[in-house]
Amino acid sequence: MSPPGAEWLPAGIAGLVGLSLAVAVLATAWPRQAHRIGLLGALAVTAWVLVLSAVFLNAGPDPETAATRVALGGWEAPLGLMLHLDGLSVTLLVLTAVVGLATSLYSLGYVHDRIERRQFWPLWLWLWAGLNMLFLSGDAFNLYITLEVVSLSAVALVAFTGTAAAVSGAVRYLLVNILGSLSFLMGVVLLFGEHGVLDLVLLEARTEAGPTERMAAVLMTAGLMLKAALFPLHVWLAPAHGSAPAPVSAVLSGLVVTGSFYLILRLWLGVFAPLATPAFGILVGLLGVGALVWGSLQALRAGRLKSIVAYSTVAQFGYLLVAFPLMLVDPGTWRVVVFFTVVHALAKASVFLAAGTLQHAAGHDRLADLGDVLRARPRMVFALGLAGVSLMGLPFTGGFIAKYLLLEAGLGTVLAGSVIGVLWVLAIAGGGLLAAAYVLRMVAPSFQRGRADAGETVSLWMDWVPLGLATVAALAGLAGTLTLNTLALTPGAP
Amino acid sequence: MNGLLVLFDLVLLAGIVGVAWRCLASTDLFRAVVLFITFGLLLALAWVRLEAPDIALAEAAIGAGITGALLLVTLERLRSIMAERRSGRPHSPPPDPTGPHALLRALHDPLPEHRTFLPALTFALVVGGLLVTALWHQPQSVGLEPVVDAHMDVSGVDHPITAVLLNFRAYDTFLELAIVLIALLGAWSLGRHDLIPARPAPGPILPGTLRLLVPVAVVTGVYVLWAGSHAPGGAFQAGAILGAAGILLVLARPRQLPMAPGGPLRLGISAGVALFLLVGLYGLAAGHGFLGYAEAWAYPLIILIEVAATLSIALTLVALFVAGRPAGDDA
Amino acid sequence: MNGLLETVAHTLAPGLLYPTGGAILFALGLYGLIRRHHLVLRILALNIMGSGVFMVLLGVAARGEGPPDPVAQALTLTGIVVAVSATAFALALVVHLTRLTGHAVMLPGPPDDDAPVEDISREEHHADGGPADRASSEDRPA
């Protein structure tokens, strides 16, 4: 049997959407078997994504025409909806599959209550399907709908533990998400009113720097920044991510936030590309520096393990903003940014999963009293450390390659004669130091002398999955070239 | 230009904005909710004026009707939770330490402090001003009307909005059904459902009204569903009307809700998405594309999907009104 | 003078009047969202913002000659259903929050992120203790 060729891609894309939806619908209709359906579905979706990406890369698409567009129901744009697969979406689909599979395996051990399992799995499978659909969507209004699928299921999962902290975090998260969605939708409506189409490719061909595009860009970017918790619109993140169940925090910090950021990037590489000006770039870069400093300081101050990790997400996303002015100087930098996001998502998810295991073992996640459990569970410390090293960007990890490339781009700006470039370089280098400080804070208790107490027993899944995912994050450096080459297969982007 | 119509537009818009303002400015939540329902009904009028009868129907049934019912029952729930906490029942959690005003605060929101006034006003004015500027610069674009019109003969239905919703952009509509379902899954994940804090009104009036109203609502719902293929109407409006009938039935005997069996209930709420997805996957396998139909089969398949969607929407809306998950779902 | 009249006439066409009204509703909802603290009022404010978006969309669709754009109307219908779903879920969360904390107010300012959280992976946690068990079948005063 010969491997499927490029002609299979359209069916493969629609099939991926159909498969992820079928898994979610099945788990909803038959909650008693939801965890089994979920496990089989997670394996099937992951396999499908891997085959899809292999076919996509193997087909050796020409960079000019690399995007495969699928007309749903046979209706081409502008009448119908188009799915859209290119190097950027392939990368994020694979990332989602890896983190999604790890989270699913971990949840087998974490969500063991019979009744909670029935509520958890359908919501999680809808969230995963929503993310897949988000990365494949090529239509402005459809993006709004997929964003809503993602955010409603994510909010429900945040509220899942049902405690006051979780529910109040979820309410805040929901209101912020609705506000972000409405702002995004208003931008879509403005673009539709001006150009009369919703398809992103058609929109891109028609946009110029007019008042509609400027206002739409402001509304859509602000809405997505709210959802992605980009500084200064980040206040909701820590309570929501910090009080959710561990697998949910992993998915939120690793994938959901990345989804909104993906959309910002997608829009600014395409529809809004004519609007990017140096002054705007510097403004965004300054916000990024603010995020790096504020998030890191909060992470150094927080008393709970999961809060530290949640604040570090705010800090790490500062890099993405700092990269914005660099992209204006060297447009190719966006690929480094995506690679950084991928590594961050892997590392952050594994840190959250490890934190969940520790919390389960100790019964709490107060850092001050976590020493006993940390000393008795070297595997978790190793997972925390390995993922943390990747977050810091020490040599030979995925994080190192990403930060090295970012620094290189920053130095390029300085050499190109930009004074403010010095600030970006300092921020990237300094952010790594701050990250080192809060990562060390997390693992430090295990190196102090004291009693070792493994606490409550944990299931095998909870014991090994964090380490596995942290290893993937550390090894992601090896896939750096592959990722950057895949991303180069994104037509229209520099 | 018709001067009277312009006057009508101006008065209607002033009314809509005025009611919205009064709603957001009220300190009494009950009053705010009633004003919000009025706001929805005025919007429906505006949609009629903008030649969108489908949306007017949906706004009246869903925007004003169902949302209004949800808001009112929420206020009743908040009031009863407050009363329970204040009476200090043994099973209720300890009273709120923030003071004796907790009861008032549930249904009463004090006017906001003055220091947020100027920043909020400036921000809203800037956003509104920029929006108006952008909108006034837009061309008189024709949108997608000609494209839809050119494809109506192959859509399987005679009503352009139904053609867009269930054929040209069926994927959006599928996800819309999914969102209604996810909202319910979210509400169910919060816990079992509580008693609805309402008492059936004594006397013959309520049962008599129900005996009259519910069949009328069912007939109306079925008519609106059937009309959707050639005239304003469709699955969402019909589902909302049937859902409203269901809510009336729930309200008539809030203490004796039937014990809903878990399995059939789950099947009922997911029937719409399940059937839609099956048809979509069949389309993919048969070569019409995901969520595509063979031209000859478009009409029956669309009707089939709409019937299932109507039932699921009606059931889901009633379940959202009841809020928590039924005990049968855990069995 | 004629030019001024034309501008006024142009402004008063429904294709411009209603989008302007929609923009005002959007801004008004935003103002209410910032200023009011009770969660139910904040949800109302978000719904009013949403109605503003729909009014812009339908107004834009009614611009120009000929029948209005059916795609814009279909999108609005979808938007209304999404809004009611999000509202229903938000209200369920608000009721749950009130049951847990005794209030439904979200005050501005950073939340307390060091508050303890419950861990659903532990044995002692059980989902069955829903509010229905607690309320049992007692009648409470209406």
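Predicted model: local features only at pLDDT ≥ 70, side-chain atom pairs only at ≥ 80, totals over all residues.
1. Let's begin with chains C and B. On the chain C side, 76 residues are in contact with 91 residues of chain B. Helices α2 (14–35), α3 (39–61), α4 (70–101) and α5 (131–135) of chain C each give two or more residues to that side. The largest share comes from α4(C), with 24 residues. By residue class, the side of chain C that touches chain B divides into 50 nonpolar, 19 polar and seven charged residues.

2. Next, the contact between chains C and A. Here 40 residues come from chain C and 46 residues from chain A. At least two residues each are supplied by α2, α3 and α4 of chain C. Once again α4(C) is worth a look: 13 residues of the side touching chain A belong to this helix, which gives the most. That side consists of 26 nonpolar, seven polar and seven charged residues.

3. Gly399(A) counts as buried because 29 other C-beta atoms lie within 10 Å, and the cut-off for buried is 20 or more.

4. What is Gly399(A) in contact with, leaving aside its neighbours within four places in sequence? The partners are Val343(A), Ala347(A), Ser390(A), Leu391(A), Met392(A) and Gly393(A). As a further distance to check, Gly399(A) and Ala387(A) are twelve residues apart in sequence, with 9.1 Å between their C-alpha atoms.

Conventions
Residues numbered from 1 in each chain as written. Chains lettered and ligands numbered in written order. Contact = placed C-beta atoms within 7 Å. Helix = DSSP H or I, 4+ residues; strand = E, 2+ residues; numbered from the N terminus. Nonpolar A, V, L, I, M, F, W, Y, C, P; charged D, E, K, R; others polar. Buried ≥ 20, exposed ≤ 12 C-beta atoms within 10 Å, placed from the backbone.
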